[in-house]
Structure formats: structure tokens, C-alpha cells
Amino acid sequence: MANKKQSAGAIGAKLSEAEQDLLQHLEQGYQLETDSLGSDPVLRDPEADEVLRPVSANRNTVMALEERGLIAQSKSSDPLKIMWRLKKEKRRK
């Protein structure tokens with residue numbers, strides 16, 4: 001578990017606590033969903049069908065992660081929802 005916290009922290013030291021929390025959940029396999037405007041973030045565990053509403057996260061949190069290039073939109077079967085995924089890091093050689 002310490003490795004997952006460390007990897008989210010290694011992404012950027014300037015991330016807020018809410019941003020780090022969302023990234024940690026995404027790294028653990030949760031899916032991030034928002035409404036079509038990017039509001040009302042919800043974390044869903046597809047294996048346990050568990051839903052979490054992060055209290056400290058809001059639309060600005062999600063948009064900040066997108067602007068930093070840490071998450072990206074993915075396709076959703078519901079046109080009123082946006083699914084978010086972690087972006088793969090570009091490896092430097």
C-alpha cells in the first residue's frame with residue numbers, strides 16, 4: 001500500500017490532497033465517473049460494485065487532473081456520464 005501512495009506522490013508534489021486521493025483510487029482499480037459537465041465525481045469499484053463519493057473532490061479537482069495530463073476521458077455507454085481513466089506515463093529513454 002505504501003508503494004501506491006508513493007507512486008501518486010511521485011507524480012507531482014504540487015497535487016492537492018483531493019487530487020492525490022482520486023489518483024490513488026484510480027491506481028487501485030476504481031473507475032472515476034462524472035456527469036456530462038464534469039461535476040459530481042463518483043468512484044466505482046467494478047469488482048465489488050461499491051460506489052464512493054469523495055467528499056473533498058469536485059469538478060475543479062477532476063479538471064485540474066485532466067489539465068495536468070494525469071487523467072483522460074474514455075468512452076461511456078451513457079451519454080450523460082463521463083468515464084475517466086489514468087493516462088499512461090510517457091517513458092523517457
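Which residues does Glu33 touch, not counting residues up to four places away in sequence? Glu33 touches Asp40, Pro41, Val42, Arg44, Lys81, Ile82 and Met83, where contact means heavy atoms within 4.5 Å.

## Basis of the model

This is a predicted model, in which local features need pLDDT of at least 70, side-chain atom pairs count only at pLDDT 80 or more, and totals for chains, interfaces and linings use all residues. Residues are numbered from 1 along each chain as its sequence is written, and side-chain values use heavy atoms, with hydrogens and water left out.

Glu33 lies in strand 1, residues 31-35 (strands are DSSP runs of E, at least two residues, and helices runs of H or I, at least four, numbered from the N terminus). Glu33 is buried, at 8% relative accessible area (buried means under 20%, with a 1.4 Å probe and protein chains only). The side chains of Glu33 and Arg44 form a polar contact of 2.9 Å (a pair of N or O atoms within 3.5 Å; within protein, one must be able to donate a hydrogen and the other to accept it, and residues adjacent in sequence count only if both atoms are side-chain atoms).

Five strands form an open sheet in the order 3-2-1-5-4, with antiparallel pairing (two strands pair if DSSP finds at least two bridges between them). Strand 3 (50-52) and strand 4 (71-74) are the edges; each has a single partner strand, so one side of each lacks a neighbour in the sheet.

Strand 1 pairs with strand 5 (residues 81-86) in the antiparallel sense over four bridges. Leu32 stands opposite Trp84 in strand 5.

Note on methods. Buried < 20%, exposed > 50% of the residue type's maximum accessible area, 1.4 Å probe, protein only.
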